[in-house]
Amino acid sequence: MSDTHDTWTLAGRTWTSRLIVGTGKFKDAAETQAALAASGAEIVTVALRRVDLKAKDNLLSWIDRERFCLLPNTAGCYTADEAVRTLRLARELGIADLVKLEVIGDSRTLLPDNEETLKAARTLLDEGFTVLPYCTDDPIVCRKLEDMGCAAVMPLAAPIGSGLGIRNPHNIRLIVEQAKVPVIVDAGVGTASDAAIALELGCTAVLMNTAIAQARSPVLMAEAMREAVIAGRKALRAGRIPVRHYASASSPPSGLIE
């Protein structure tokens, strides 16, 4: 199967890229645009509460809406009500009905509040939004979000912006095994190998911002991440060899010349 035919489906649309990129923390508009282009991403996410919607030259104006699907998110919201209000505003502005739900429970760790996330998800789904919820790497929470109708689940790899990589691959694998919707690893990716591991574990896609925007060369890192998700996906499709506790010779012992 060629890469161009190894697609995935979200919200009734077919996607080729398995990398979703955030738009915060870049130096300026030029760097943002160059990194997005280098990433090969088709979906980009924007924190609505960090955009001055009254400004003529704001972050939204930097994004080519013909090229990228905009995924508004509720970063900075700490209650379900706050998140719901933010996304209702996005809908009124005609931004999107496909939304990333993020409800933070702690200002130091920025870990999600699962209870408030579940509450907000229910309200948004009832109002017709297509919801992609950011949550902890808890298989039970992910199952509840899927069962209520979320279009994907987005468990964290590690705390937002930490660059720690996937701290609990066992839980991520459990989530992948039970899910019937896309599993998108969100938050904590630090470098290309982390992205590859997410895809090797069977995740559908990976979302990141800091790992690219705060790299020494954001554009080069965006290219690396683009290649990493492709490599990880190929490795999953190829099927890795079993892990063994002892050596296994590359050449068979029979037929050796004495």
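This note goes through the pocket, the salt bridges and several individual residues of a predicted model.

1. Basis. The model is predicted, so local features are taken at pLDDT of at least 70 and side-chain atom pairs at pLDDT 80 or more, while totals for chains, interfaces and linings use all residues. Residues are numbered from 1 along each chain as its sequence is written, and side-chain values use heavy atoms, without hydrogens or water.

2. Largest pocket. The largest pocket has a volume of about 690 Å³. Its lining comprises 35 residues, of which Lys25, Arg50, Ala75, Ile160 and Asn209 are the closest to the centre. A pocket here is an open set of points on a 1 Å grid over the protein atoms alone, where a 1.4 Å probe fits and protein lies on both sides within 12 Å along at least five of seven lines; lining residues have an atom within 4 Å of a point. Grid points are joined across faces, edges and corners, and the volume is the space filled by probe spheres set on the points.

3. Make-up of the lining. Strand E4 (43-47), helix H2 (59-62), strand E10 (205-208) and helix H8 (210-213) each contribute at least two lining residues. E4 gives the most, with three residues. Helices (H or I, at least four residues) and strands (E, at least two) are DSSP runs numbered from the N terminus. By class, the lining holds 16 nonpolar, 13 polar and six charged residues. Ala, Val, Leu, Ile, Met, Phe, Trp, Tyr, Cys and Pro count as nonpolar, Asp, Glu, Lys and Arg as charged, and the others, Gly among them, as polar.

4. Aspartate 64. This residue is in the loop between H2 and strand E5 (69-73). Aspartate 64 is partly exposed, at 39% relative accessible area; buried means under 20%, exposed over 50%, and partly exposed in between, with a 1.4 Å probe and protein chains only. A polar atom of its side chain lies 2.9 Å from the backbone nitrogen of glutamate 66.

5. Helix H5. In helix H5 (residues 139-148), the buried residues are Pro139, Val141, Cys142, Leu145, Glu146 and Met148. These pack against helix H4 (114-126), strand E7 (130-135), strand E8 (154-155) and helix H6 (169-178); contact means heavy atoms within 4.5 Å. At the start of H5, a side-chain oxygen of aspartate 138 comes within 2.8 Å of the backbone nitrogen of isoleucine 140. Glycine 149 follows H5 and has a positive phi, near 120 degrees.

6. Salt bridges between separate elements. The whole structure has eight salt bridges, each a side-chain nitrogen of Lys or Arg within 4 Å of a carboxyl oxygen of Asp or Glu. One of them joins glutamate 127 to arginine 88, with the closest N and O atoms 2.4 Å apart. Glutamate 127 is in the loop between H4 and E7 and arginine 88 is in helix H3 (residues 80-92), so the pair ties together parts 39 residues apart in sequence. Both are partly exposed, glutamate 127 at 29% and arginine 88 at 36%. Another joins aspartate 186 to lysine 100 at 2.8 Å between the closest N and O atoms. This pair links strand E9 (residues 184-186) with strand E6 (residues 98-101), the two residues being 86 apart. Aspartate 186 is buried at 3%, and lysine 100 is buried at 5%.

7. Arginine 122 and aspartate 126 form a salt bridge with an N to O distance of 3.5 Å. They are four residues apart in helix H4, which means a separation of about one helical turn. Arginine 122 is partly exposed at 35%, whereas aspartate 126 is exposed at 59%. Elsewhere, salt bridges with shared partners join Asp6, Arg18, Arg233 and Arg237 into one network. Arginine 233, in helix H9 (residues 218-238), counts as buried at 18% relative accessibility. Beyond neighbours within four places in sequence, arginine 233 contacts Asp6, Arg18 and Leu199.

8. Isoleucine 184. This residue is in strand E9 and is buried, with a relative accessible area of 0%. Its C-alpha is 5.7 Å from that of threonine 204, which is 20 residues away in sequence. Leaving aside neighbours within four places, the contacts of isoleucine 184 include Trp8, Ile20, Met154 and Val206.

Terms used: Polar contact = N/O pair within 3.5 Å; in protein donor to acceptor, adjacent residues only side chain to side chain.
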